[in-house]
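Please read the points below with the sequence and the coordinates open beside them. They are meant as a colleague's note, to be checked residue by residue.

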Amino acid sequence: MHEMALCEGIVGIVEEEARKRAFTKVNVVCLEIGALSHVVPEALKFCFEAVAARTIAQGARLEIVETPGTAWCMACSKTVEIGQRYEPCPSCGGYQLQVTGGKELRVRELEVD
């Protein structure tokens, strides 16, 4: 389960920001997760609670904003929304798609004290 390692990285980012900005408590961690990122949001929530224990993020609520996968279709010259890689263009049915979005996993914002 790579979500555990991802959560360790997220908590590391939160701790680094706490050092830089001198806050002492994190109430909410808001993440942006793309549909094509290969991250399971439910697993990430489960792991976050365990990894955040005994850190500045202990007890913080994890909010997840899911973003759609997008691609540029070379056949019909449109940006289209896709649910997974290697599916056809929903507009023309072609398979010449270049993924342009939905791969991200980022800390979007923190609510702190």
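The numbered points that follow take up the basis of the model, a strand residue, a sheet, the salt bridges and the annotated cysteines.

1. This is a predicted model, in which local features need pLDDT of at least 70 and side-chain atom pairs count only at pLDDT 80 or more, whereas totals for chains, interfaces and linings use all residues. Residues are numbered from 1 along each chain as its sequence is written, and side-chain values use heavy atoms, with hydrogens and water left out.

2. Val-26 is found in strand β1, which covers residues 26–34; strands (E, at least two residues) and helices (H or I, at least four) are DSSP runs numbered from the N terminus. Val-26 has a relative accessible area of 0% and is therefore buried, a term that here means under 20% relative accessible area, with exposed meaning over 50% and partly exposed in between (1.4 Å probe, protein chains only). If neighbours within four places in sequence are left aside, Val-26 is in contact with Val-14, Ile-56, Ala-57, Ala-60, Glu-111 and Val-112, where contact means heavy atoms within 4.5 Å. By contrast, the C-alpha atoms of Val-26 and Thr-100, 74 residues apart along the chain, are separated by 32 Å.

3. An open sheet of 3 strands, with antiparallel pairing, has the order β4-β3-β5, two strands being paired if DSSP finds at least two bridges between them. Its edge strands are β4 (78–82) and β5 (97–101), each of which pairs on one side only. Neighbouring strands of this sheet are turned by 35 degrees against each other on average, direction ignored; the axes are lines fitted to C-alpha atoms, for helices over the stretch in contact, and angles run from 0 to 180 degrees between N-to-C directions. Strand β3 (residues 69–73) runs antiparallel to β5 and is joined to β5 by 4 bridges, and the bridge partner of Trp-72 in β5 is Gln-98.

4. The count of salt bridges comes to 6, taking a salt bridge as a side-chain nitrogen of Lys or Arg within 4 Å of a carboxyl oxygen of Asp or Glu. One of them joins Arg-19 to Glu-16, with the closest N and O atoms 2.8 Å apart. These two residues are 3 residues apart in helix α1 (residues 3–21), so about one helical turn separates them. Arg-19 counts as exposed at 59% relative accessibility, while Glu-16, at 33%, counts as partly exposed.

5. Glu-17 counts as buried at 17% relative accessibility, whereas Lys-20 at 56% and Arg-21 at 59% count as exposed.

6. For "binding site", UniProt lists Cys-73, Cys-76, Cys-89 and Cys-92 in an unreviewed entry; UniProt positions are given in the numbering used here, feature names are shortened, and annotations may be inferred rather than shown by experiment. Not counting residues up to four places away in sequence, Cys-73 touches Lys-78, Cys-89, Cys-92, Gln-96 and Leu-97, and Cys-76 is in contact with Cys-89, Ser-91 and Cys-92.
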